[in-house]
Amino acid sequence: MFKRYRVVIALLLFFAGMLNYLDRAALSVMAPLVKQDLHINDAQMGILFSCFFIGYCAFCFIGGWCADRFGPRRVYTWAATIWSLFCGATALVTGFAHLLIVRMLFGVGEGPMGTTTNKSIANWFPKQEVGRAVGFTNAGQPLGAAIAAPIVGLVGWHFGWRIAFVVIALLGFIWVGCWLLLFRDKPEQHPRVSQEESDYIARNRPASLKSAASPQQDPHSLWRYVFSLPVLGVASAFFCFNYIQFFFLSWLPSYLTDFQHLDIKSMSIIGVLPWLGATVGFLGGGMVSDMLYRRTRNFLLSRKLVIFVGLAVAAVCVMLTAWSSNVVSAVTLITLASVFAYMTPQACWSLLQDIVPPGRIGTAGGFVHLLANLAGILSPGITGFLIQYGGGYHTAFVLASLLALAGMLLLAVLVREKGVASLRALATE
């Protein structure tokens, strides 16, 4: 028996996020070599980055619904298997059209990750640990992007970009085996979890949420929850964060090589820094939001403050990067923007757990993730066309900054105590 087996669960989810972002960042890191080998221009590369999110967005929602209905263990098993398979299949592409199809199917596999992770945390962690749990598990995502630069970059440099995709696909299959061995949908179903830990988690489930109603038992339509103003407000803030995230994730390596004139080896090293900053933001944001909750006893206020500060500082830093004239100042500003921007997503996830009843958290989370990840379709594609035809990186940075400010405004207008209270009342009817 383990006194805190939920630590094992957190580590599994941490490594899932790391592999997920290592996989999806690989094409960004290899973009200079892929463009040269397959004769792809910047506008086409933007389309390739964006098409990933067509399959991804659809399966954010579908994956969340499946996590509620079939449990996160089965959903994550299938999702990670599919994304690893198509990550490896990237090594076989011969041109733009072929790569377009593979990237869309790759996105289908990765779509359920965020909502299934959130469902797993809702099942496995008490309310007072949610911020840290979400922060820690999601910290694996930017860390995956960070190690993608040196690992994928150097493997691609020495052995070719195709081999890099094969290597990280194998890592995904190894994780699936560990997940099946070590994870169960709820603590009470796991033979290695003590009765004491199981009871403690059950007494302190996150959010609204002491309702035990299943989706089948809840008399209210799921659309009553997902189209509510508080849920849409969380989705709006998440969307604006994601626009910055996918701008960096898709185009930072090309920005460093094409605009700042670094070679691939130098980019592979320097490109780590913003993602290490993002990892600090994920961890720090979770701890700060939990600390604010302990002091204020106001879950809504503590999460909203973290999102406000994170988006505000990120907006300023991204705007200043537009006028940065050298690589040192640019990377410093982007790293600082990453630290604060990445404080926001775990606050969004944990805020959602306090708004929506547990029987709907997977589906509502999937809907929020779908709306938020529309930024994944828009951000890389818009950036590619701005670079190719519309003012270059300067315009792209300004647009990302303005959207961060818009996210703050929408959160303030849509997520209010009165609206949240009405949703909580639904859960107890």
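Author: The dialogue below takes up salt bridges, a helix, the core and the surface. Please note that the model is predicted.

Reader: How many salt bridges does the structure hold?

Author: A salt bridge requires a side-chain nitrogen of Lys or Arg within 4 Å of a carboxyl oxygen of Asp or Glu. The structure holds four of them. One of these joins D258 to K35, with the closest N and O atoms 3.6 Å apart. D258 belongs to helix α10 (residues 229-259) and K35 to helix α1 (residues 6-38), so the pair ties together parts that are 223 residues apart in sequence.

Reader: Are D258 and K35 buried or exposed?

Author: Buried means under 20% relative accessible area, and exposed means over 50%. K35, at 13%, is therefore buried, whereas D258, at 38%, is partly exposed.

Reader: Which residue meets D37 in a salt bridge?

Author: The partner of D37 is R162, at 3.6 Å from N to O. This pair links distant parts of the chain, since D37 is in helix α1 and R162 in helix α7, 125 residues apart. D37 is partly exposed at 37%, and R162 is partly exposed at 27%.

Reader: What does K119 pair with?

Author: K119 forms a salt bridge with D68, the closest N and O atoms being 2.8 Å apart. Because D68 lies in helix α2 (residues 42-70) and K119 in helix α5, the pair ties together parts that are 51 residues apart in sequence. Both residues are buried.

Reader: How many residues of helix α5 are buried?

Author: In α5, 12 of the 12 residues are buried, so the helix is largely enclosed by the rest of the structure. Among them are M113, K119 and W124. The helix covers residues 113-124 and reaches 16 Å from its first C-alpha to its last, close to the 16 Å expected.

Reader: Which residues have the most contacts inside the largest nonpolar core?

Author: That core has 127 residues, and those with the most contacts inside it are V34, F165, W175, F248, W275 and F397. Beyond its neighbours within four places in sequence, W275 is in contact with several residues, including P142, F248 and Y342.

Reader: Which residues form the nonpolar patch on the surface?

Author: An α-helix has 3.6 residues a turn, so residues three or four places apart point the same way. The patch here consists of F159, I163, V167, L171 and I174, with about 480 Å² of accessible area together. Helix α7 (residues 161-182) contributes the largest share, four residues. I174, in helix α7, is exposed, with a relative accessible area of 55%.

Note on methods:
Residues numbered from 1 in each chain as written. Predicted model: local features only at pLDDT ≥ 70, side-chain atom pairs only at ≥ 80, totals over all residues. Heavy atoms only, no water. Patch = residues over 30% accessible without salt bridge, like charges linked within 9 Å, V, L, I, M, F, W, Y side chains within 5 Å. Areas by Shrake-Rupley, 256 points an atom, 1.4 Å probe, with all protein chains shown as cover. Helix = DSSP H or I, 4+ residues; strand = E, 2+ residues; numbered from the N terminus. Buried < 20%, exposed > 50% of the residue type's maximum accessible area, 1.4 Å probe, protein only. Core = buried A, V, L, I, M, F, W, Y, C linked by side-chain atoms within 4.5 Å. Contact = heavy atoms within 4.5 Å. Expected span 1.5 Å × (residues − 1).
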